[in-house]
Amino acid sequence: MRADLDLIANFVPHGSRVLDLGCGSGALMRYLSEERGCTGTGVEIDGTLVRQAIRSGVPVLQLDVDNGLDSFADTSYDVVVLSRTIQTILRPERVLQDMARIGTTCIVSVPNFGLWRNRMRLLRGHVPMSKDLPYRWYESPNLRFTTLMDLERLFATVGLRVEERVVITERGRRLRAASPLYNLIGSMGVYLMRPEEC
Amino acid sequence: MATLPEAGSVGLVETQSVRLFTESDPLHLAAGQTLGPVDVAYETYGTLSPAADNAVFICHALTGDAHAAGFHEGSSRPGWWDNLIGPGKVLDTRRLFVVSANLLGGCQGTTGPSSVDPATGRPYGLDFPLLRMHDFVTVHRRLVERLGIRRLLAVVGGSLGGMQALEWALKHPADMANTVMIAASSRLTAMNIAFSAVARRAIMTDPDFHGGQYAAAGVSPRIGLAIARMMAHITYMSEEALTEKFGRQPSGRDAPLGFGVDFAIESYLEHQGSTFLERFDALSYLYLTRVMDYFDPFADVDACAAARTAAHLRFLVMSFESDWRFSIDHSRRIVRHLEQERLRVSSREIGSTWGHDSFLLDLPEYHQTLRAFMERAIEEGI
């Protein structure tokens with residue numbers, strides 16, 4: 001399983017009902033179901049990945065995360081996951097608002113555009129590429145690039161309170177929670193959040 | 001992608017008939033009346049396992065029948081879902097026991113409005129009781145029981161068949177481990193009902209309808225039924241498919257231009273209308289379309305109460321992009337209700353230009369998805 005999925009799985013309590021937005025072939029859902037006794041649903045737009053998830057027994061809905069979340073009822077899931085997907089959606093603000101509405105806990109993982117290597121590439125005049133952003137600009141599925149710092153501002157705007165933040169380096173090393181350099185040397189961030197009381 | 005195993009035909013098949021209800025042990029209809037005798041026409045493909053745990057029930061669409069796969073003696077036309085059912089196919093008859101049965105109210109071997117009413121000795125006609133979706137289920141459940149099937153591995157249906165599958169799963173979730181609904185609906189829209197209303201009006205205003213007792217008069221409302229079929233058939237296609245298939249080609253008939261069959265599409269519809277007369281009955285058309293109109297299971301706020309208790313049950317809902325008879329929104333509505341009831345549902349929206357009829361076609365994305373679902377179903381068992 002991908003490194004961030006492992007981190008996400010550790011945030012998910014045993015027996016939770018989980019909604020995994022952008023679930024791909026359902027690896028996280030399958031793991032959570034088999035190892036953690038979780039139930040729930042994946043959401044994926046790519047037909048081939050949906051088929052793979054179906055083959056592995058994960059309930060999965062073929063929906064566009066950007067448009068299809070209205071049908072999920074308020075607080076109908078214990079945990080809503082958005083793993084390495086926020087950079088591919090058109091309206092991240094709306095999706096985060098939906099997550100806050102649907103879940104009692106929200107988990108988001110995201111590649112950090114503010115990683116020093118990306119900054120260096122931009123300084124040298126090139127669009128950043130890295131292990132976490134492996135695409136050339138003209139073929140990238142990524143539409144919205146954010147640094148961890150800016151993402152946290154958006155979390156605050158939509159009323160998601162960060163309870164825990166795990167940042168890992170390119171080599172997969174986990175940074176200290178209070179590391180002041182997280183936005184510079186972090187390659188990926190994983191956030192555990194709760195919607196603020198209205 | 002891995003190469004698929006060589007897929008073949010189930011070969012020669014015969015439609016069987018069984019009397020499931022009698023005058024002394026009649027069918028109790030959802031609306032309260034009784035009906036008997038009730039005969040059911042069905043076919044089976046493959047072999048029921050000793051544990052009776054490998055059965056898949058096929059629910060047919062409005063004008064379908066029990067002959068879903070293989071060939072009848074002397075015919076070169078295979079059953080209507082032959083591309084799906086057979087050795088090595090998506091519903092693999094080397095592993096599965098597939099059952100396909102004609103609907104109650106139908107005209108292809110199962111008791112319907114043109115069957116003889118034992119009370120009068122003549123066809124029921126419009127004295128045949130109005131049916132509900134659940135009546136289809138009641139009859140087919142008894143067939144399943146009669147065949148010695150312990151629990152169905154899956155109920156699979158397209159269009160009206162998908163609606164029957166939904167009703168079956170909601171009311172009797174313990175009967176099956178999996179439910180597959182393809183191009184189905186949980187509630188017809190005003191437009192859907194409108195099309196059926198015009199079809200019914202065409203039939204009932206045909207001078208040969210005779211208040212439903214046309215058989216006694218030795219005729220049938222051929223013009224009305226053909227028009228009903230022609231119009232319905234348009235709704236099963238898409239503008240893109242019609243353009244691709246026919247465009248503005250002339251019919252090629254050697255007649256002066258006018259109000260006859262000048263275009264290929266007109267010729268095609270005329271053919272659809274006339275061949276339909278050979279295999280379908282006008283009264284069945286009235287009764288079965290009405291069942292679809294009335295169907296609205298989620299109007300009952302507790303529609304999913306039984307299914308919620310069936311922890312094993314899985315749903316697959318598939319729809320096609322160019323389908324405007326039952327658009328993708330119909331399938332999304334089913335998914336939304338099931339998901340909100342916390343049932344295990346998967347959905348797949350298939351890109352296809354072939355409209356509602358896509359569910360009858362061998363579209364790779366569609367068949368691969370169903371294959372994936374069935375492979376998982378076989379692994380999980382009942």
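Biologist: How many residues does the contact take from chain A, and how many from chain B?

Modeller: This is a predicted model. In it, the contact takes 14 residues from chain A and 18 residues from chain B.

Biologist: Which elements of chain A supply at least two residues each to the side that touches chain B?

Modeller: Helix H3 (47–55) and strand E3 (60–62) of chain A. H3(A) gives the most to that side, with five residues.

Biologist: And how do the residues on that side of chain A divide into nonpolar, polar and charged?

Modeller: Six are nonpolar, six are polar and two are charged.

Biologist: Let's take one residue. Where does Gln62(A) lie?

Modeller: Gln62(A) is in strand E3 of chain A.

Biologist: Buried or exposed?

Modeller: Gln62(A) counts as buried, because it has 28 C-beta neighbours inside 10 Å, and the cut-off for buried is 20 or more.

Biologist: Which residues is Gln62(A) in contact with, leaving aside neighbours within four places in sequence?

Modeller: In chain A, Glu44(A), Ile45(A), Gly47(A) and Val50(A). In chain B, Ser347(B), Arg348(B) and Glu349(B).

Biologist: What separates the C-alpha atoms of Gln62(A) and Met129(A)?

Modeller: A distance of 29 Å, with the two residues 67 apart along the chain.

Biologist: Back out to chain A as a whole. How many helices and strands are there?

Modeller: Chain A has seven helices and seven strands. Along the sequence the pattern reads α-β-α-β-α-β-β-α-β-α-α-β-α-β.

Biologist: What is the radius of gyration of chain A, against that of a compact globule?

Modeller: Chain A has 16 Å, which agrees with the value near 16 Å for a compact globule with 198 residues. The C-alpha trace spans about 45 × 40 × 30 Å along its principal axes. Of the 198 residues of chain A, 43% count as buried.

Biologist: How much of the contact in chain A with a separation of 6 or more comes from residues 24 or more positions apart?

Modeller: Such pairs account for 62% of those contacts in chain A.

Biologist: Which residues of helix H4 of chain A are buried?

Modeller: Helix H4 covers residues 92–102 of chain A, and its buried residues are Pro92(A), Val95(A), Leu96(A), Asp98(A), Met99(A), Ala100(A) and Ile102(A).

Biologist: What covers the buried residues of H4(A)?

Modeller: The cover includes strands E1 (17–21), E4 (77–83), E5 (103–111), E6 (160–168) and E7 (188–195) of chain A, along with helix H6 (148–157).

Biologist: Now chain B. How many helices and strands there?

Modeller: Ten helices and 14 strands. Buried residues make up 51% of the 382 residues in chain B. The C-alpha atoms fill a box of roughly 65 × 55 × 45 Å along the principal axes.

Biologist: What about the radius of gyration of chain B?

Modeller: Chain B has 21 Å, and a compact globule with 382 residues would be near 21 Å, so the two agree.

Biologist: Which domains does the assignment give for chain B?

Modeller: Domain 1 (16–189 + 297–380) and domain 2 (192–289). The C-alpha centres of these domains of chain B lie 26 Å apart. Their contact takes 25 residues from domain 1 and 20 residues from domain 2. The domain 1 side divides into eleven nonpolar, eleven polar and three charged residues.

Biologist: Which residues touch the most other members of the largest nonpolar core?

Modeller: Val56(B), Leu152(B), Ala154(B), Val155(B) and Ala169(B), out of 161 residues in that core. The largest share of the core, eight residues, comes from helix H7 (residues 282–294) of chain B. Domain 1 and domain 2 of chain B each provide at least three residues of this core.

Biologist: What is Ala154(B) in contact with, beyond neighbours within four places in sequence?

Modeller: The contacts of Ala154(B) are Val56(B), Met176(B), Ala177(B), Asn178(B), Val180(B), Met374(B) and Ala377(B).

Biologist: And H7(B): mostly covered or mostly open?

Modeller: H7(B) is mostly covered, with ten of its 13 residues buried. Among them are Ala282(B), Leu286(B) and Met292(B). The cover includes helices H1 (133–146), H2 (160–171), H3 (190–204) and H4 (222–236) of chain B.

Biologist: How far does H7(B) reach from its first C-alpha to its last?

Modeller: H7(B) reaches 19 Å, close to the 18 Å expected at 1.5 Å a residue.

Definitions and conventions. Residues are numbered from 1 along each chain as its sequence is written. Chains are lettered from A and ligands numbered from 1 in the order in which they are written. This is a predicted model: local features need pLDDT of at least 70, side-chain atom pairs count only at pLDDT 80 or more; totals for chains, interfaces and linings use all residues. Two residues are in contact if their C-beta atoms, placed from the backbone, lie within 7 Å. Helices (H or I, at least four residues) and strands (E, at least two) are DSSP runs, numbered from the N terminus. Ala, Val, Leu, Ile, Met, Phe, Trp, Tyr, Cys and Pro count as nonpolar, Asp, Glu, Lys and Arg as charged, and the others, Gly among them, as polar. A nonpolar core is a set of buried Ala, Val, Leu, Ile, Met, Phe, Trp, Tyr and Cys residues joined through C-beta atoms within 7 Å. A residue is buried if 20 or more other C-beta atoms lie within 10 Å of its own, exposed if 12 or fewer, and partly exposed in between; C-beta atoms are placed from the backbone. Domain bounds come from an automatic or database domain assignment. The radius of gyration is taken over C-alpha atoms; the globule rule is 2.2 Å times the number of residues to the power 0.38. The expected span of a helix is 1.5 Å times one less than its number of residues.
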